[in-house]
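Please open the model in a viewer and display the whole chain.

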Amino acid sequence: MFFLKKLFSSKKMVTRIAPSPTGLFHVGTARSALFNYLVAKKYGGEFIVRIEDTDRERSKPEYEKDILDGMEWLGLSWDALYRQSERTDIYTKYLKKLIRSGHAYISKEESKTKPGETVEVVRLKNPGEDVTFTDQIRGEITFNTAELGDFVIAKSLTEPLYHLAVVVDDFEMGVTDVIRGEDHVSNTPRQILIQRALGIKQPKYAHIPLILASDRSKLSKRKGATSITEYRKLGYLPEALVNYLALLGWNPGTEKEVYTLDELVCDFSLEQVQKGGAIFDTQKLNWFNKEHVRGLPHEKLLSLIESALPKRVKELPQYSKERLDKASKVFIERVESLSELTELAEAGEFDYFFDTPKMEAKLSWKDDPIEKSTGNLSGVLERIDVVPENTFTASSVKEAVWDFAGEQGRGSVLWPMRVALSGKDKSPDPFELSEILGKDETSKRLRDAYENRL
């Protein structure tokens with residue numbers, strides 16, 4: 001007995017995600033997939049993807065591809081992949097078993113879609129008993145199933161419906177833990193009745209909170225939800241999306257927020273999943289994205305920035321990898337996603353980094369006469385001229401100019417200096433710009449502004 005108990009307790013954990021390829025890979029499905037992945041990997045188990053494509057009219061191969069591509073992009077690798085459409089013979093075998101044992105029967109009924117025609121469906125003989133199960137998140141749940149009646153489990157012996165197929169697949173695939181959205185709680189008693197009729201073991205259940213819109217309604221496309229593919233196109237990092245989705249409904253119990261996937265595997269547990277719905281907050285997702293962008297290795301970050309810049313920017317006369325490298329920090333601080341970087345670059349917001357700026361802002365600070373502004377530019381030129389080119393940094397330029405700016409008035413010196421370098425009234429500070437542009441280009445732009453405004 002001890003040996004059998006030990007053998008049973010050592011059974012490998014198996015979780016699954018079972019998306020229907022009837023639409024794009026939604027964030028809610030992705031979060032469920034993530035939770036199943038984390039639990040399986042934490043305990044050395046297996047994570048299965050099962051494509052529930054028995055709805056032949058609505059299931060599309062392009063949607064299946066979108067789901068699988070999204071899973072791969074998020075880093076959620078699976079140990080096995082199944083398609084329900086390839087398992088019809090298995091379902092037929094179990095349906096016949098239920099009919100032979102008297103737990104199900106074929107019922108001739110009027111077609112709901114074609115009035116006047118008769119169809120044969122398979123119904124489960126429901127004993128109408130109470131069904132109680134322990135949910136790993138919600139505790140003990142009891143349903144009275146009498147009101148369900150003898151419910152349909154198949155349109156025919158070759159056309160199983162959802163509840164029958166799910167029960168058979170979970171049993172055949174050795175699924176030990178069913179982790180899914182709380183909207184499936186009401187499906188559980190039907191599935192348990194089928195399990196009892198077949199005499200098969202019941203898996204553990206955990207129903208996770210739904211992802212909600214800001215008004216606490218269920219997140220939907222109409223409420224602004226987008227698919228994983230759309231977030232990918234918007235320039236979010238997969239690491240950021242995984243991190244954010246993990247914290248939608250789960251609290252690690254610490255102050256830690258930024259996680260890698262491997263760290264989530266170590267720390268995640270169903271015991272810390274909350275019961276209430278989790279509100280999807282795009283601003284918080286943006287924060288996570290920025291944090292993960294900052295944490296990228298420099299070469300990878302530079303490559304992503306370069307790929308996000310439109311062709312027209314890369315063709316500007318002063319564009320170079322070296323200049324881009326120096327400006328990369330400014331770019332990342334300015335935007336929340338790579339798509340935003342692309343939009344701003346398309347609009348010309350970053351042209352002055354790689355080309356002589358167009359003077360869109362006035363050179364003078366507030367009510368200063370132009371003569372004072374040009375005189376201050378001359379003073380700046382004199383002071384940065386003595387800074388060696390090999391130590392021409394933001395701090396060395398600031399050190400050279402700071403006392404002079406204090407004497408003349410900070411705004412009166414730094415404003416025209418910044419406008420001369422960028423042409424704009426909003427840009428990085430002139431010291432940072434000086435380091436990015438280098439000594440020669442900084443001096444040239446200051447001199448051009450001085451001479452053209454005399």
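Leaving aside neighbours within four places in sequence, with which residues is S443 in contact? Select S443 in helix α18 (residues 430–452); beyond those neighbours, its contacts are L381 and I384. Contact here means heavy atoms within 4.5 Å. S443 counts as buried, at 12% relative accessibility; buried means under 20% relative accessible area, exposed over 50%, and partly exposed in between, with a 1.4 Å probe and protein chains only. Helices (H or I, at least four residues) and strands (E, at least two) are DSSP runs numbered from the N terminus.

Before continuing, note that this is a predicted model, in which local features need pLDDT of at least 70 and side-chain atom pairs count only at pLDDT 80 or more, while totals for chains, interfaces and linings use all residues. Residues are numbered from 1 along each chain as its sequence is written, and side-chain values use heavy atoms, with hydrogens and water left out.

**The whole chain**

The secondary structure comes to 18 helices and 13 strands. The radius of gyration of the chain is 32 Å, well over the 22 Å that the globule rule gives for 454 residues, so the chain is more spread out than a compact globule. That radius is taken over C-alpha atoms, and the rule is 2.2 Å times the number of residues to the power 0.38. Along its principal axes the C-alpha trace spans about 100 × 60 × 35 Å. Of the 454 residues, 49% count as buried.

**V330**

Next, select V330, which belongs to helix α13 (residues 321–334). V330 is buried, with a relative accessible area of 12%. Apart from its neighbours within four places in sequence, V330 is in contact with F353, P428, E432 and I436.

**K366**

Move to K366, in the loop between α14 (338–346) and α15 (370–384). K366 is exposed, with a relative accessible area of 56%. Its phi is near 50 degrees, a positive value in a residue other than glycine. Most residues other than glycine have a negative phi.

**The largest pocket**

Now select A18, P19, S20, T22 and E52, which lie nearest the centre of the largest pocket among its 49 lining residues. The space in this pocket is about 1400 Å³. On a 1 Å grid over the protein atoms alone, a pocket is an open set of points with protein on both sides within 12 Å along at least five of seven lines, a cavity is a set where a 1.4 Å probe fits but cannot get out, and lining residues have an atom within 4 Å of a point. Grid points are joined across faces, edges and corners, and a volume is the space filled by probe spheres set on the points.

Colour β1 (14–17), α2 (27–42), β9 (159–160) and β10 (177–181), each of which supplies at least two lining residues. Helix α2 gives the most, with five.

**The largest cavity**

Finally, select G235, N289, K290, V293, I332, V335, E336, S337 and L338, which line the largest cavity. Its volume is about 50 Å³, and a search of the whole structure finds one cavity of 30 Å³ or more. Helix α10 (residues 282–294) provides the largest share of this lining, three residues.
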